[in-house]
Amino acid sequence: MRMFEMKQSLPAGLDYWEIKQQENREQMVFFLNGNMIHNNRSSSSGMMCRAYQSGAWGLASSALADSPTLGRICSKAASNAALLARHRTGKQILLPSNPARGEYLFYTKKQPWSFAQRRDFVQDLDNYIHTKYPGLSTRQLGIRQDETEKHIITSDGGEMHVMIPRSFLYVLMVDKGPDGPVQGYRALGGFGQFEDIYSDPKEVYEELEKVYQETQDMKDTVYAQAGSFDCVLDSRLAGILAHEAVGHTTEADFVLNGSIAGDYLNQAVASPLVSLIDVAHTYADTICPVPVFIDDEGTLAEDCVIIDKGILKSYMHNKESAAMLGMQLTGNARGHCFYDEPLIRMRNTMIVPGKDKLAEMIASIEEGYYLVESNNGQADATSEFMFGIALGYEVKNGKLGKAIKSTTMSGVAFDLLKTVTMVSDDMYWTASGMCGKKQSIQVGMGGPAIKCRVNLGGK
Amino acid sequence: MEKICKKLIDRLLELGADKALVIFTQSESSEFNLIYKELNLLRSLESSDITINVYKDDKRAIKSINQIDEASLEEAITELMQTVAESNPDPAFDIAEYQEPAVFTDGVLVPDSELIVSRLAEFAQEMKDMYPDVLFDATISHTHSQTRFMNSNGVDVSIERGYYEFSTMFTAKKGGKMSSMNFAYFRASNLDRPCMEINQSRELIRQIVEQTHPGTIPQKFVGEVILAPFVLGDLIQTLIQSHFSDNALISNLSLYPDHLGQKLFSEKLTITSRPRDPHQAVKHFITSDGYLAREEAIIDKGVLRAYPIATYAANKTGKPVAKCHPYNLVIAPGELSLAEMIAHTKQGILCMRASHGKPSAQGDMSTVAKNSYYIKDGKIVCPVKETMISFNLIEAMNSIVDFSRETHNAGEMIMPYMRFGGATISGK
């Protein structure tokens with residue numbers, strides 16, 4: 001990103017403002033059955049000014065990064081705020097402040113790979129799958145790296161320059177089943193540039209074998225029974241449970257718009273075995289998939305303990321919601337592109353691991369299901385949620401049975417979490433997620449396996 | 001825009017490219033947001049986007065940028081020529097053949113900001129006066145965009161359009177109980193009518209209040225489902241994506257890879273892509289390749305008539321390039337009103353919103369019925385909670401009972417209500 005001096009065009013007479021310069025970059029190489037079908041790169045950059053005056057916000061943005069444009073968008077943001085302020089009847093609030101300054105640039109310290117090296121890495125894996133699993137009807141492999149670089153200054157003294165990279169390897173295997181195609185899929189990777197995560201294709205072979213076995217399992221599936229069952233949700237599902245089922249209901253803008261979590265502060269909403277945190281950047285001495293050190297309002301980003309041993313303790317905030325609810329800032333204000341306003345967004349939402357072993361959790365179920373992989377999820381203000389289940393297995397008398405056909409699990413989060421009786425001691429981060437809430441944005445989510453009571457769709 | 005597109009194509013050919021394609025879009029939008037029931041945020045956005053595709057020796061590379069200064073463009077094409085050289089060949093890569101240049105202009109190109117503020121104020125006032133138990137946000141925006149699509153075979157299409165977009169998200173709290181949230185959304189070429197009066201907006205908001213007190217339904221039964229137009233549109237897109245799209249065909253995920261002309265669904269089902277439909281606010285005039293999009297029945301009386309696929313997938317699978325796309329879809333209305341459809345339903349669910357995962361390749365799926373109602377003996381009994389509908393999407397399209405007279409026009413798709421049988425419904 002070509003850095004630009006932003007302080008020269010500061011708007012005057014405003015209650016608060018922020019100016020952002022941002023570039024989003026992406027590289028993608030995909031192979032389908034040995035053919036390179038995607039070789040794409042993109043970059044999108046520009047500037048944005050957001051102004052706050054008399055209780056209203058104005059925002060203006062442009063892809064151009066020059067001094068006259070910055071002056072123009074700053075004026076436009078201020079006039080937009082003034083225009084709305086004239087139509088408002090609500091009271092004006094004083095925005096709180098906890099500014100921080102810092103630079104966090106996570107460029108790899110290793111020798112960056114050339115395009116040809118990345119291409120050869122994927123091609124090597126493609127050749128391996130083709131040779132090892134010749135019966136597959138389709139194999140699709142790809143790598144994608146996204147980078148978000150931002151420079152933000154705010155009128156209350158916040159300033160940050162960050163570059164956050166994520167890199168992924170995607171694997172899709174398709175085979176012929178008795179009733180048509182069956183598939184196995186995995187997104188591997190997370191925080192860092194590609195060179196930080198991968199060095200040798202052989203390191204991926206074990207995961208490829210798991211994807212292949214799951215594809216084979218899908219050849220002989222049964223319908224799940226419709227109804228309520230004891231289930232073990234694998235650690236691969238824990239993140240989406242934390243994010244969709246609980247996380248969204250505790251975003252303070254949802255709370256202000258009536259989320260059920262607004263009624264439950266400091267009350268028991270889960271089993272005492274359950275603690276849930278939206279981690280700002282570091283957990284267990286390791287950088288999380290989407291680290292946020294300072295948010296897009298220049299606020300110091302701090303961990304937000306949402307549920308502590310079953311008790312709902314806090315919500316996630318931006319400046320406006322913290323002021324309206326009289327609570328502490330948490331540093332959750334984030335915008336995805338240069339032209340996006342900061343919204344309250346989760347960062348790395350996780351359930352804290354417990355002490356149980358996954359095998360013992362499965363063994364404890366008489367009749368139920370082991371649910372492993374989700375392909376999407378949605379939340380509701382009532383805390384009712386649903387996840388699409390792409391991979392799961394029957395459990396009978398403590399033993400795994402056949403795989404089940406695609407289904408949906410649902411529940412009311414604050415009811416379901418009270419049924420949790422076991423929490424495993426492992427931890428899995430899902431790092432490839434994008435959360436859609438007006439803007440699609442990178443999020444991390446994770447957790448251990450949990451045993452609970454779940455509603456399933458089926459026959 | 002013309003100058004930049006031409007210059008990029010000429011420069012790429014000069015540098016040794018066999019073929020090139022450039023799509024250049026510039027847009028401005030104004031977005032007025034009601035947040036926490038008050039006018040809260042006004043955004044004014046300007047954006048540019050250039051996507052450059054280069055083809056050389058049966059290889060392809062693509063770069064998208066939003067900087068249009070000379071240095072940025074030159075840097076992009078230099079990088080593209082390097083990466084295309086290191087790409088892998090596939091003879092299926094190609095661009096659209098020559099066609100006569102075309103120019104399209106559609107919609108209101110200049111926003112009426114005062115009208116936007118007035119429509120939002122009117123909406124907020126009715127919400128506060130008539131539905132005091134409802135919490136809501138709402139947004140109205142106007143977007144004006146210009147797109148130039150050019151390739152080295154002489155394809156040259158200009159599109160300039162303007163449209164308004166309304167969305168609202170709402171939930172109700174009453175007597176210590178709360179409803180699920182629901183949404184209303186549309187794109188329109190004008191704001192001549194209040195937002196409440198377009199599609200089912202007012203009815204959805206009325207319903208949200210009674211949904212604070214759902215009833216109990218039988219634990220499990222097999223019954224009929226009436227899908228609301230929004231839900232049907234989503235499932236139709238899913239069906240096309242799963243079996244008739246580029247990815248489904250080239251990844252061997254389709255159950256119907258060579259079924260052109262075959263009857264796959266109920267003869268009551270006709271799905272037509274209507275890219276010039278004057279009733280739709282956002283018309284997709286061209287395909288992703290740049291061909292002028294034709295009006296085409298993808299499914300006609302249950303028979304598959306077209307795979308709406310682009311050049312690469314067509315070449316890869318030996319099928320014709322469709323010159324149609326899976327957008328601006330229309331299902332024609334039926335004879336019965338929604339009220340009559342309900343009256344003819346013995347036992348089932350009126351599904352006003354569906355929260356679901358992807359169906360399996362075989363079409364098996366389950367969805368949570370949100371903002372929905374239990375129907376028994378031809379009458380709405382109560383709103384439901386925590387209710388799951390399990391069915392097979394392909395079987396559902398073969399078990400269509402009827403479509404409603406009422407339709408919903410979201411601006412890019414027009415759908416009626418659809419009733420089908422044989423779904424497993426489980427309540428709590």
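Author: Setting aside residues up to four places away in sequence, Met48(A) touches Glu18(A), Ile19(A), Lys20(A), Leu59(A), Ala60(A), Ser61(A), Ile73(A), Phe338(A), Tyr339(A), Asp340(A), Glu341(A) and Pro342(A). Keep in mind that this is a predicted model. Met48(A) sits in strand S2 of chain A, and its relative accessible area is 1%, so it counts as buried. Gln22(A) is 26 residues away from Met48(A) along the chain, yet their C-alpha atoms are separated by 8.5 Å.

Ile73(A) is among the buried residues of H1(A), along with Thr69(A), Leu70(A), Cys74(A), Ala77(A), Ala78(A), Asn80(A), Ala81(A), Leu84(A) and Ala85(A). The face of H1(A) turned away from the buried side carries the exposed residues Pro68(A) and Arg86(A).

How long is the helix, then? Helix H1 of chain A runs over residues 67-87, and at 1.5 Å a residue its 21 residues should span 30 Å; the end C-alpha atoms are 31 Å apart, which agrees.

The contact between the two takes 85 residues from chain A and 75 residues from chain B. Together they bury about 6,500 Å², with 47% of it on carbon and sulfur atoms. On the chain B side, Tyr36(B), Leu42(B) and Glu46(B) lose the most area to chain A, together 10% of what that side buries. As for polar links, 51 residue pairs are in polar contact across the interface of chain B and chain A. S2(B) supplies the largest share of the side of chain B that touches chain A, with nine residues.

There are nine salt bridges between chain B and chain A. One joins Glu79(B) to Arg41(A), with the closest N and O atoms 3.0 Å apart. Another pairs the side chains of Arg353(B) and Asp380(A), at 3.4 Å from N to O. Arg353(B) lies in strand S15 (residues 353-356) of chain B, while Asp380(A) lies in the loop between strand S18 (367-378) and strand S19 (384-396) of chain A, so the pair joins two chains. Are these two partners buried or exposed? Arg353(B) has 11% relative accessibility and so counts as buried, and Asp380(A) is buried too, with a relative accessible area of 0%.

A loop residue of chain A also reaches over to chain B. Ser137(A) is in the loop between helix H2 (115-132) and S5 of chain A, and its 18% relative accessibility makes it buried. Leaving out neighbours within four places in sequence, Ser137(A) is in contact with Asn33(A), Val174(A), Asp175(A), Lys176(A) and, from the other chain, Asn252(B).

Asp146(A) and Arg166(A) meet through their side chains at 3.1 Å, N to O. Asp146(A) is in strand S5 (residues 138-154) and Arg166(A) in strand S6 (residues 159-177) of chain A, 20 residues apart, so the pair links distant parts of the chain. Asp146(A) is buried at 6% relative accessible area, and Arg166(A) is buried at 1%.

For a contrast in setting, take Asp230(A) and Arg453(A), a salt bridge whose closest N and O atoms are 3.3 Å apart. Asp230(A) is in strand S9 (residues 227-233) and Arg453(A) in strand S27 (residues 450-456) of chain A, 223 residues apart. Here Asp230(A) is partly exposed at 30% relative accessibility, and Arg453(A) is partly exposed at 37%.

Salt bridges can also join up: Arg186(A), Glu207(A), Lys210(A), Glu214(A), Arg236(A) and Glu373(A) are linked in a network of them. Over all chains, the count comes to 66 salt bridges.

Notes:
Residues numbered from 1 in each chain as written. Chains lettered and ligands numbered in written order. Predicted model: local features only at pLDDT ≥ 70, side-chain atom pairs only at ≥ 80, totals over all residues. Heavy atoms only, no water. Salt bridge = Lys/Arg side-chain N within 4 Å of Asp/Glu carboxyl O. Helix = DSSP H or I, 4+ residues; strand = E, 2+ residues; numbered from the N terminus. Buried < 20%, exposed > 50% of the residue type's maximum accessible area, 1.4 Å probe, protein only. Expected span 1.5 Å × (residues − 1). Contact = heavy atoms within 4.5 Å. Buried area = accessible area lost by both parts, 1.4 Å probe. Polar contact = N/O pair within 3.5 Å; in protein donor to acceptor, adjacent residues only side chain to side chain.
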